[in-house]
Amino acid sequence: MKKLFIAFWRRNLAFSELAVVSNLEYRFNFFIDAFVQPLITVGIELLMWFAIFESANAAQIGGFTRDNYLAYGVWAPFLGRIAVSWMYESMMVEEVASGSINVILTRPISFYEYYLSQLMGYKVTTTIISMIAPLLVTFFFDLPIHYSRLPLAIGLVFYYLFLVHTLSFVISTFAFYMTRVRSLTLVKNLTLWLLAGELVPIDLMPPAIAKLLLLSPFPAGVYTPVAYITGRAGSELVLQSFISVTVSIIIAIPVGTFLWRKGLQSYTGTGA
Amino acid sequence: MSFVIETKDLGREYKTYQKKEGVLNSIKGMWNREYISKPALKNVTLEIEGGQIVGLVGANGAGKTTLLKILSGLIYPTHGSVKVLGFEPWKRETEFLRQMSLLLGQKNQLWWDISARDSYSLLAKIYDLDIDTARMRVKHLSEMLSCEHVLDTQLRRLSLGERMKMEIIGSLLHNPRVLFLDEPTIGLDIVAQSAIRNFLQSYVRDYKPVVILTSHYMDDIAQLADRLLLISKGEMVYDGTVNRFLKSTETSKKLIYRYKNDQQERELIFQESELSEKLNEVVKSGEVVNLKIEEVDFEEVIHRFLAKESRI
């Protein structure tokens, strides 16, 4: 048992390392993705909220000050970037559609595990670098956030990433049947973007919808951690998010496993 | 006797969508699609013992890659039974996967963006190998293939021949008991083909895995295979040794000649019994300045045999 456990970690750490090594091979792309892109996003948010408050000529909008919005605007895209899996989801879909998955199927590797570990490895590396931008802005403008709450908030987003990956796994199984599922990926990611509260803070949504959304796992990706670090919510909302994410993972994994097994039965080993 | 590979009445059908020409039919296809079922493999029964190199030969679409995919667990059979090392391959049990390897000559198995050495280190962890033992094995195999100098180069920057050598090392790193090689020399120049053939020959002699080899280069099969399986339209049409196959087919000869005004040599293939008749024909048709008679090579015999089979 101990041997299996060690082998499991050894293998998965190697997958994480693979993501880091592969991405660092392309230094320029990595630098843009991990540093320049977050910096530009933060810049846009700053300009947008400055302009909104300037033109509104008001100290508060919807009960929140400019600094509240700035804090949300700076941290929501940062956490939102962690909470998506565009790159790895399209790689998973492409593997199934093109038949490159043959390499995984003929080795003692689990497709789910292989991509999950890579996703985590990549996200940990990029998060460390891309966090510089929101930290600098928060410090410079003295935005209202609780620094001590950052580890738990980021921890929640990484936990939510397990759910995001499981949903990517489910989507990728559709490629066994339909080959091209890009549109499905797009619709799913846009929906998650909205439900997570990155596009519009959940506070600004109609109360009934906001209440319902907060019971779902999706705000764990953006709204809950941002609300927690900016002081708009307490640890009870974080706990509730952990629970709803756990329940969702428990539901999504068997669905993915079922579709995966059915998909393999119809798989033709494309391209080999 | 226990066999490493056993199949009984193994078959696989593929369902294919039939798209009729034109935009209207594309629109119609949104809700109503016509599918046809095509058998790719029909009732194949096989028994393969340990330590054999089996050459699997057939024309494109004959079913050889389908057979390889079923044996390696990539796809499910539609009917029949299959056991490889005592496992049903399609169940993809870890113990089975740890003991076999599939090398697809037309696909990369290693990671494109990293060096071969990094790939091997990852493979060692996937197969739970001792890292020092794996390093020793990489050293040994790369020396055998004379490619130590490219181990630290990113895979995407290697030539086709170098990349294939790297792929071969990767597929042998965990010392598999069964090795499926699908076109391992495809696209390689003669020197690289020969290097890989020689390597495989000495590797199999030393480590004794079961090897199932498909190739369009008959030299691969003639040099390496102990046993030949010929497959045509999904059915096994020959199962035996290469020598027995050559003896069982009609003995053919090749007449190579050149007329005085010709720039290039001409060739004529005929049965041994027709020698005088064909010689007369050639001599009567012009002034022959060069003439020789050769045995028809293995590749030609196979092609003629399969062409005949596929017309049936």
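Modeller: Two strands pair if DSSP finds at least two bridges between them. The model discussed here is predicted.

Biologist: Which residue in the turn of the hairpin formed by β8(B) and β9(B) has a positive phi?
Modeller: Two residues lie between the strands of this hairpin. The positive phi, about 50 degrees, belongs to Lys233(B).

Biologist: In the open sheet of six strands in chain B, what is the strand order?
Modeller: The pairing in this sheet is mixed. β5 (100-104) and β9 (235-240) of chain B each have a single partner strand, so one side of each is left without a neighbour in the sheet. From one strand to the next, the twist averages 15 degrees. With those two strands at the edges, the order reads β5-β6-β7-β3-β8-β9.

Biologist: What angle does the direction of helix α2 of chain B make with that of β7(B)?
Modeller: Helix α2, residues 64-71 of chain B, packs on the sheet and touches β3, β6 (178-182), β7 (210-214) and β8 of that chain. Its direction and that of β7(B) make an angle of about 150 degrees.

Biologist: How far apart are the centres of domain 1 and domain 2 of chain B?
Modeller: Domain 1 covers 5-21 + 38-247 of chain B, and domain 2 covers 250-311. The contact takes ten residues from domain 1 and eight residues from domain 2 of chain B. Taken over C-alpha atoms, the separation of the two centres is 36 Å.

Biologist: Which residues of the largest nonpolar core touch the most other members?
Modeller: In general, nonpolar side chains of soluble globular proteins tend to be buried together. The core here holds 133 residues. The residues touching the most other members are Trp75(A), Ala83(A) and Leu213(B).

Biologist: Which helix gives the most to this core?
Modeller: The helix in question belongs to chain A and spans residues 150-178. With eleven residues in the core, it is α8 of chain A.

Biologist: Is Val84(A) buried or exposed?
Modeller: Val84(A) is found in the loop between α3 (66-82) and α4 (86-98) of chain A. Beyond its neighbours within four places in sequence, Val84(A) is in contact with Val164(A) and Asn189(A). A residue with 20 or more other C-beta atoms within 10 Å of its own counts as buried. Val84(A) has 20, and is therefore buried.

Biologist: What distance separates the C-alpha atoms of Val84(A) and Gly221(A)?
Modeller: Along the chain, Val84(A) and Gly221(A) are 137 residues apart. Their C-alpha atoms are separated by 8.4 Å.

Biologist: On the side of chain A that touches chain B, which element gives the largest share?
Modeller: The contact takes 21 residues from chain A and 27 residues from chain B. The elements giving two or more residues to the chain A side are α1 (2-24) and α5 (102-105) of chain A. That side divides into ten nonpolar, seven polar and four charged residues. The largest share, seven residues, comes from α1(A).

Technical notes:
Residues are numbered from 1 along each chain as its sequence is written. Chains are lettered from A and ligands numbered from 1 in the order in which they are written. This is a predicted model: local features need pLDDT of at least 70, side-chain atom pairs count only at pLDDT 80 or more; totals for chains, interfaces and linings use all residues. Domain bounds come from an automatic or database domain assignment. Two residues are in contact if their C-beta atoms, placed from the backbone, lie within 7 Å. A nonpolar core is a set of buried Ala, Val, Leu, Ile, Met, Phe, Trp, Tyr and Cys residues joined through C-beta atoms within 7 Å. A residue is buried if 20 or more other C-beta atoms lie within 10 Å of its own, exposed if 12 or fewer, and partly exposed in between; C-beta atoms are placed from the backbone. Helices (H or I, at least four residues) and strands (E, at least two) are DSSP runs, numbered from the N terminus. Axes are lines fitted to C-alpha atoms, for helices over the stretch in contact, and angles run from 0 to 180 degrees between N-to-C directions. Ala, Val, Leu, Ile, Met, Phe, Trp, Tyr, Cys and Pro count as nonpolar, Asp, Glu, Lys and Arg as charged, and the others, Gly among them, as polar.
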